[in-house]
Amino acid sequence: MTACRYAKILWAARELLTRPGVNLLMAFSVGLLATMITTGLLLSQALTTTTAHLLAEGPDLVVRRVTAGGWQSIDAQATAQALTIPGITDARPRIWGTVRAPQGPVTIAAADQDAITRWCPSGTLRVPDQGEAIIGRGITFTGDPGVLTLQGESSVRVRVVQRFPEETDLMTHDLVLLHPRDTRRLLGLAPGDASDLALGVFHPDEAEALLPELARAFPFPVHIATREDARKHYAAAFGRRGGLGLLLYAPAIMALVLLVAGIVRQQIGDRARVGLLKALGWTSRDIVALQVTKALLVGLPAIAIGLTAAYGLVYGPSRQWIGFLLLGWQENAPLLHLEAGHAAPIFLEVTGILLAPFLAAVLWSSLVQAASDPQDLLSRGN
């Protein structure tokens with residue numbers, strides 16, 4: 001039985017070689033469809049998973065002081081006021097903001113050991129001293145190499161001592177990490193003041209319930225953002241940009257329809273060959289098995305190559321195209337390191353989407369031919 005099965009596979013391969021151009025074109029079409037569809041699905045899943053993981057490592061709540069004129073710094077007493085609320089387990093003042101650099105706006109943040117550990121768990125970075133900076137890979141120099149001039153409430157020149165590794169590009173691409181004194185000077189903050197408060201909650205699922213009581217704990221108006229708010233914000237942002245990628249599915253579906261029509265046409269063109277096989281004693285089951293084997297020999301390798309290409313585009317060594325096409329970067333896009341979770345279900349889904357109509361077309365046309373009279377097939381095929 002095994003030898004007979006291998007013989008049928010070899011026979012199917014030999015028949016495919018009689019029309020190499022047509023079958024290669026069909027394999028290329030299937031592989032290209034697999035790449036297009038899988039890339040969009042993988043990218044959406046990877047960005048969602050990676051963002052959720054990063055947010056999970058951040059604070060449960062963020063408190064910012066607001067006034068009629070907008071944002072305002074928050075004083076040191078706010079930390080003690082936040083800790084008076086039952087359920088708040090940690091309150092950490094953060095100093096960060098946006099200033100101008102020679103290449104354009106950049107984000108600055110005050111460095112401490114906890115922040116560096118979160119951004120770079122490998123331990124290769126040290127806390128910068130006053131007048132020093134750690135910068136992301138997207139920040140370039142226009143003057144003296146190794147010296148960066150930042151313009152905020154005042155001008156500060158810092159010496160770059162380290163760069164963030166490329167693995168952290170999603171978070172640190174345009175980030176400048178400074179000593180707290182340099183950061184406060186650039187942002188115009190008084191000693192002890194902070195940009196906002198990052199709060200930890202004993203039961204993160206109950207963070208929403210703490211918002212009214214937390215707002216009443218401060219003697220000034222505040223805006224409180226939850227982790228869920230951040231998730232929704234990024235999901236909406238990625239959804240708006242990724243929605244443009246759905247336009248690719250319209251021509252992909254049309255291509256799939258044309259591909260199925262081409263398969264049916266090719267099968268109908270093989271009437272004489274099928275009629276000859278039936279005249280030589282092949283059963284209807286043998287003919288259907290032969291046509292399905294031919295389809296699998298073309299479709300499965302093509303889909304596998306397409307899935308591999310999509311995986312390489314999203315998770316491979318160079319992922320800068322994502323920043324250019326999806327995230328709106330004009331130049332020097334970040335090199336994204338995305339988490340590769342949940343790829344297997346997407347592979348199975350795309351394989352089913354492509355293989356089901358492909359095999360259905362082959363099976364239908366094969367059954368029609370297998371049920372026909374051999375003489376009729378021979379006469380129509382001539």
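Analyst: Start with pairing: two strands pair if DSSP finds at least two bridges between them. The model is predicted. In it, I135 stands opposite V176 in β9.

User: What makes β6 and β9 a pair?

Analyst: At least two bridges are needed. β6 and β9 have three, in the antiparallel sense. They therefore count as paired.

User: How do you know that β6 also pairs with β8, and in which sense?

Analyst: Four bridges join β6 to β8. The cut-off is at least two, so this is a pair too. The two strands run parallel. A133 of β6 stands opposite V160 in β8.

User: Which way do the residues of β6 point, and are they buried or exposed?

Analyst: E132 and I134 point one way, A133 and I135 the other. In a regular strand the side chains alternate between the two faces of the sheet. All four residues of β6 are buried, so each has under 20% relative accessible area.

User: Why is the set around V63 and L199 called a nonpolar core?

Analyst: The label calls for buried residues of listed types, such as Val and Leu, joined through side-chain atoms within 4.5 Å. The largest such set has 38 residues. V63, I108, L150, V176, L199 and F218 have the most contacts inside it. Apart from it lies another core, of 26 residues, including I37, Y315, L338 and A343.

User: What makes P59 and L214 contacts of L199?

Analyst: Contact means heavy atoms within 4.5 Å, so P59 and L214 each meet that limit with L199. V63, A82 and I88 are also among the contacts of L199 beyond four places in sequence.

How values were computed: Residues are numbered from 1 along each chain as its sequence is written. This is a predicted model: local features need pLDDT of at least 70, side-chain atom pairs count only at pLDDT 80 or more; totals for chains, interfaces and linings use all residues. Side-chain values use heavy atoms; hydrogens and water are left out. Buried means under 20% relative accessible area, exposed over 50%, partly exposed in between (1.4 Å probe, protein chains only).
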